[in-house]
Amino acid sequence: MVLRIDRRRLVMGGLGLSGLMLPAGQALARQLTTATGFTHNVASGEPGPDSMLLWTRYVPMSDGVTRLEAEVALDPDFAKVVGGGAVRTGAYRDWTAKITVDGLKPGTVYWYRFIAPNGERSPVGRTKTLPQGPVNRFNLAVFSCSNLPQGLFNAYAHAAARKDVDLWLHTGDYIYEYGVASTRETDWAEGRKEQLLPVTEILAIADYRLRYASYRADPDLQRLHQVAPMVALWDDHESSNDSYEAGAQNHQPDKEGDWNVRRAAAMQVYREWMPVSDEPWKAYPIGTLATLYRTESRLLARTKPADIGATFKAADPDAALKAFRDGVWKDPSATMMGSTQESWLAHQMKATKGGWQLIGMGTILGRTVMPKDAIDWLRPEVNEKKVAGYRNNIRAAQQGLPMWMDRWDGYPAARSRLLKSAQAADADLVMLSGDSHNAWAYGLVEDGKPAGVEFAGQAVTSNGMEGDMGADPKLVARGFMAANPELKWADTSQRGYMMIEVTPQRVTGEWLFLQTIKARSTALSGSHRMSVERGRRVFTA
């Protein structure tokens, strides 16, 4: 049985004694521990021109290692089976199963399913291999920041109904680690409170597994995975807020234990529950048209963000900010990806010269400082601590310092290295990023020359800066653009996803905005399109 959450209850299986902690008590715990079969539909990912990774979750009637068969066909009725294989799973990997099937044809739609030892069949999934040779058009949808309590996954539902998508790209924050208490009562979406499991912040491997199980029980997310392949990368909330190699803002070792243990659990469970390989980064060739890169910029090599907080408490904050700007902020040892991945990406861009270079990234590259008028845009009810934070960011902006040290412009030397490597490769660079919850378009500049463009997507559900802003969002967007030369367009108030159309002549991005995420609806409130022409590396006017 495929288990799905609805507005009344959450039913899923095989998750062990952690179910006993749930607020619904023993009845729900029994459901959790007795449900069997294919509990969470199917998914595909890691596409190649002749291969695809297939995923499912199967809980047998009894414990022990279980063997599943996978079938791949050219039709949904499986009259023309062309490939497959066998894979084992067990409690040691939370009953999830992944298999990579080879021998497929480029640019071809396939249908796949899994078969259990008792003959039970999984739902049928649809996937598509990457093309080879000349390609006239390739469409991908980009998602980020899916906080389940704060909204329904209407963006996933809207995208899954499309017929013009070749690939999904998820740039991170696929789940959030927070517990129920971290979401204000006014921010909960319809029916979501009983669907977030466990109710506490996730710390241990059992917690992470239960959280993915609750997210992946959502019917819209299941459908998204079922109809097309996904390339996915993690950002911070798959582990803990503002995480880096050695720790996280939302991890206190004295109360929550060894960070390395939590980080390892987060990475393991992500790889169990997502249709991804264990490769830390990867390139996906889209014929001669483009190359898409999956990057890792959070848990494996990222250094701790520079701490700007002490400068605001100094006797002379402006002098302290200048010293910070000219010192620790520019430290070349600060890194997002680490030297090994930096070198790999630079060599890849040189080797694939001639096509678009599409880089999926967890956080934004575009330079962003806080506009001096931002204080005037705040709602009257914003608390003094937040107001002080805005004032500090405005003061930092006067010294050329960014508003978010956790993003790429908090690591300026590493940012410069990335953009210079793109320029050295003569790359048509297109960054596809998430993290901020709002929508942005940047013209990236290095050494005074265009280095590429960035389509930064809005959240699927996570609240954006509109929560603090009482001013007209259009006024806020204009203010940000006026203060930030790289920023060419912004929307600071709406949720949704991006569609990216790639042709030999141009890349066009469209931000699609939903009317609501608080009730089930796929109606759009509008959209915005921008393009970059081949060889220009700036947005078309």
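1. Asp435 is buried, at a relative accessible area of 15%, where buried means under 20% relative accessible area, exposed over 50% and partly exposed in between, with a 1.4 Å probe and protein chains only. Phi of Asp435 is positive, near 85°, in a residue other than glycine, and Asp435 sits in the loop between strand E16 (428–433) and strand E17 (439–446); helices (H or I, at least four residues) and strands (E, at least two) are DSSP runs, numbered from the N terminus.

2. The model is predicted, so that local features need pLDDT of at least 70 and side-chain atom pairs count only at pLDDT 80 or more, while totals for chains, interfaces and linings use all residues. Residues are numbered from 1 along each chain as its sequence is written, and side-chain values use heavy atoms, with hydrogens and water left out.

3. Trp95, which is not a glycine, also has a positive phi, of about 65°, and belongs to the loop between strand E4 (81–89) and strand E5 (96–101). Trp95 counts as buried, at 5% relative accessibility.

4. The peptide bond that joins Leu197 and Pro198 is cis, with omega about -10°, and Pro198 is found in the loop between strand E9 (167–170) and helix H3 (205–216). Most residues other than glycine have a negative phi, and most peptide bonds are trans.

5. In the lining of the second largest pocket, 8 residues are nonpolar, 2 polar and 4 charged, where Ala, Val, Leu, Ile, Met, Phe, Trp, Tyr, Cys and Pro count as nonpolar, Asp, Glu, Lys and Arg as charged, and the others, Gly among them, as polar.
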